[in-house]
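Please look over the sequence and the structure shown here before reading on. The paragraphs below are meant to be read slowly, with the model in view.

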Amino acid sequence: MTIAERIRANIVLYGALAANVGIAIAKFVAAAISGSSSMLTEGVHSLVDSGNQVLLLYGQHRAQQPPDRLHPFGYGRELYFWAFIVAILIFAVGAGVSVYEGWQHIREPEPLRDPLINYIVLGVAFLLEGSSWTIAVRELSAKRGELGWWAMIRRSKDPAGFIVLFEDSAALVGLAVAAIGVWASHQFADPRIDGVASIVIGLVLGLVAVLLAREAKGLLIGESAAPALIEQVRAMIDKQPRITAVTDVRTIHTAPDAVFVAVTADFDDTLTMGEGETLISAIEDELKAAIPTLTSVYIRPRKAGT
């Protein structure tokens, strides 16, 4: 895969990374000039998001490794591991630092300074985050079909897309909270309000981290393929004239675009061993040709009802 193809394939991650790196630098500069706690918190938030995109890109790279003796089904699920690490980082670093910084700012508030630089950076950050969010929404909309957004996220086996969507949504909420915190602290001449805004941002990040950790945990444990794919496999095998019944179809994702399927079926008793082997081989080839995501197919003959 060329560099251009790799960027197109991961446009959501690269778009989010480019936006967050620039935003993080701007927020830290604004925080240093204005002394705003919520701006510092937002800078940490963007820095964590940038690191998360790097980890997900690394996970994508690792997941592309071919199968070997120790990992006969490949390394696809390594991406799920890094997705779980991202959730932990958002909770421990993003949310933790935000709440701590906010509490410190409430205990020891800094004198108010000119907030103009904060508003400028927040406005630019909102445009950049909004662009990244739009890219993520557009890419996921093309995949969700008729499913609702939450159902699509629950069924998605590619964590990169929905993690960026969650992060960008949290970032937009955080920017709005930071802007309100900066404005209210000056409006009411109370810098502690800015600290409260930091704590609210931390709570938002904590909620996002919990949701992402739950989704990543399910993928790590192993989730089945979509019901439509399972029914397609069952129907294709069931139509074979030498198979009298399909008793079980089990699937598990070994990567976002790779599925292992195990089928138990009752074969015609008149089949010889050689004919059965030939039939199984033909069914496997037909399934893989019709459903490219089926990377491994296991068919086990077994009498129905036993």
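This is a predicted model: local features need pLDDT of at least 70, side-chain atom pairs count only at pLDDT 80 or more; totals for chains, interfaces and linings use all residues.

Residues are numbered from 1 along each chain as its sequence is written, and side-chain values use heavy atoms, with hydrogens and water left out.

The protein has 10 helices and 3 strands, where helices (H or I, at least four residues) and strands (E, at least two) are DSSP runs numbered from the N terminus. Followed along the sequence, these elements give the pattern α-α-α-α-α-α-α-α-α-β-β-α-β. The radius of gyration is 25 Å, well over the 19 Å that the globule rule gives for 306 residues, so the protein is more spread out than a compact globule; this radius is taken over C-alpha atoms, and the rule is 2.2 Å times the number of residues to the power 0.38. Along the principal axes, the C-alpha atoms fill a box of roughly 90 × 40 × 35 Å. Of the 306 residues, 45% count as buried, a word that means under 20% relative accessible area, while exposed means over 50% and partly exposed lies in between (1.4 Å probe, protein chains only). Among contacts between residues at least 6 apart in sequence, 74% join residues at least 24 apart, contact meaning heavy atoms within 4.5 Å.

Consider next how helices pack. The axes of helix α4 (residues 78–107) and helix α8 (residues 192–221) come within 7 Å and cross at roughly 165°, and that makes α4 roughly antiparallel to α8. Axes here are lines fitted to C-alpha atoms, for helices over the stretch in contact, and angles run from 0 to 180 degrees between N-to-C directions; angles under 35 degrees count as roughly parallel, over 145 as roughly antiparallel, 65 to 115 as roughly perpendicular and the rest as oblique. The crossing of α4 and α8 is left-handed, a term used if the near helix is turned anticlockwise from the far one by less than a right angle, with right-handed used if clockwise. The residues of this contact divide into 23 nonpolar, 8 polar and 3 charged, where Ala, Val, Leu, Ile, Met, Phe, Trp, Tyr, Cys and Pro count as nonpolar, Asp, Glu, Lys and Arg as charged, and the others, Gly among them, as polar.

Helix α9 (residues 227–238) and helix α10 (residues 273–290) pack at an angle of about 140°, with their axes 11 Å apart, and α9 and α10 are therefore oblique to each other. Their crossing is right-handed. On the α9 side the contact is made by Gln232, Val233, Met236 and Ile237, and on the α10 side by Ile283, Glu286, Leu287 and Ala290.

Single residues complete the tour. Glu78, found in helix α4, counts as buried at 18% relative accessibility, and, not counting residues up to four places away in sequence, Glu78 touches Arg62 and Gln65. Thr254 has its place in strand β1 (residues 243–255) and counts as buried at 10% relative accessibility. Ala189, by contrast, counts as exposed at 58% relative accessibility; Ala189 is found in the loop between α7 (159–187) and α8, and its phi is near 50°, a positive value in a residue other than glycine.
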